[in-house]
Amino acid sequence: VLGVGVAGLAAIQTAKNMGAIVRAFDVRPVTKEQVESMGATFLEVPIKEDGSGSGGYAKEMSDDFKKAQAKMMLEQAGDVDIIITTALIPGRKAPILVDQEMLNAMKPGSVCVDLAAENGGNIAQTKKNEVFTTSNGVKIIGYTDLPSRLSSTASNLFGNNIAKFLLSIGPQTTKQKGVFQIDLEDDAVQNMLISFDGELRWPDKITPYSPPPPVIKQTEDVVELSEEQLLEQANKKQLDSFVRNTGIASLVAAALVAFGITTGDHDSVSLMASFALAGLAGYQVVWGVAPALHSPLMAVTNAISGMTAVGGMLLLASNSGGEIIPSSPAGWMGALATVLSFVNISGGFLVSGKMLDLFRRPTDPKEFFELYGIPASILVGGLGASAAMHIGNLGNVAGSVSIASAICCIAAIACLANQETARTGNVLGMAG
């Protein structure tokens, strides 16, 4: 599976459910954990380069990366039976991932399914809305209306299963072409046949299945180490760990000293401190999230990052001249940023709520998240009262409320680490 987005992950899960050995590749390293959590193997190239782009799509990669990717893909093409491609780049023609050389290396009868056929296709010989067979017998499916074809495909697959089941009872075991003869010598047939020629066979005449004797594993010689040898190995492992950590800490210490010497003012030091603490807290919080909750986590963090709405509103306010309709390019940019950020925020939380509802069981107790609106109203109402009635220093009040906002946002991500508290995390993210 080439391209691990929504379609790619669905393809991986379906193939695993059908018993396939699945390998997947994507230029975005962040997808590796998702692939492995579904039981597939993530293929990697020796060049380290992040292909993550905006909106969850991939970006264009360097020439060196493409060469290494092509070499790895050529090796895989000769080994696999089916290739499913789903790679898209927004605003551009779909990249060619399976070139002619790879098609030539594939075995006759192999199949390529190009889900990017609408945008030109990821496979060299893809023909839109057609099934094309190459000269070496590789079928390339370029349909752009696959959802509408699922019903007939499901019927064909089920009918094929029933036909194979019936044929397995007779002609395929007796080897007599054109003759349907029940083979009672076949263990599977005689175990499932409950009546034959008007005679009841079950349960007396059915021979119980005897599994083959278990394979006796040969014992291997185990070398026992003395306590001194075990202690020496443990000390060496501990020393390697300390040396590695000391090297990293030394580099960080040198960087901080260099930053302190070269910085021009104290404000930069304060910003660096806030950034370092926020990064450390965010890392510790996100690290504990279960793989099954990664999608809701990404939706919530995407919504929180949509707080660019605040910047858009400030820009809109400073350039509006007291009018509702902006009168300057900067004002219009602020209005556009506010609208797009609102879509990002509301969409992120809405998607998270829908995904988390999939985990909800009918027997789960009712949740009363609407009560959390009371403390949120106190904070927002207090800030509004301070601004409208000139109570206290507005900057200090806004700073106090922003503390609660930050706590809610961090707590939202922390709650998403556990399925039992994930819905609470989504609500806390909205409040923050």
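Modeller: Two strands count as paired if DSSP finds at least two bridges between them. This model is predicted. In it, phenylalanine 132 has isoleucine 140 in E6 as its bridge partner.

Colleague: How many bridges join E5 to strand E6, and how do the two run?

Modeller: Strands of a sheet pair through backbone hydrogen bonds, in a parallel or an antiparallel way. Here E5 and strand E6 (residues 139–141) run antiparallel, and three bridges join them.

Colleague: What is the order of the strands in the open sheet?

Modeller: The order of the four strands is E3-E4-E6-E5, and the pairing is mixed. Strand E3 (82–85) and E5 are the edge strands, since each pairs on one side only. From one strand to the next, the twist averages 15°.

Colleague: Is histidine 390 buried or exposed?

Modeller: Exposed means over 50% relative accessible area. Histidine 390 has 70% relative accessibility, so it counts as exposed. Asparagine 129, at 39%, is partly exposed.

Colleague: Where is there a cis peptide bond?

Modeller: Most peptide bonds are trans. The bond joining tryptophan 202 and proline 203 is cis, with omega about 5°. Proline 203 lies in the loop between strand E8 (199–200) and helix H8 (227–262).

Key:
Residues numbered from 1 in each chain as written. Predicted model: local features only at pLDDT ≥ 70, side-chain atom pairs only at ≥ 80, totals over all residues. Heavy atoms only, no water. Buried < 20%, exposed > 50% of the residue type's maximum accessible area, 1.4 Å probe, protein only. Axes fitted to C-alpha atoms, helices over the stretch in contact; angles between N-to-C directions.
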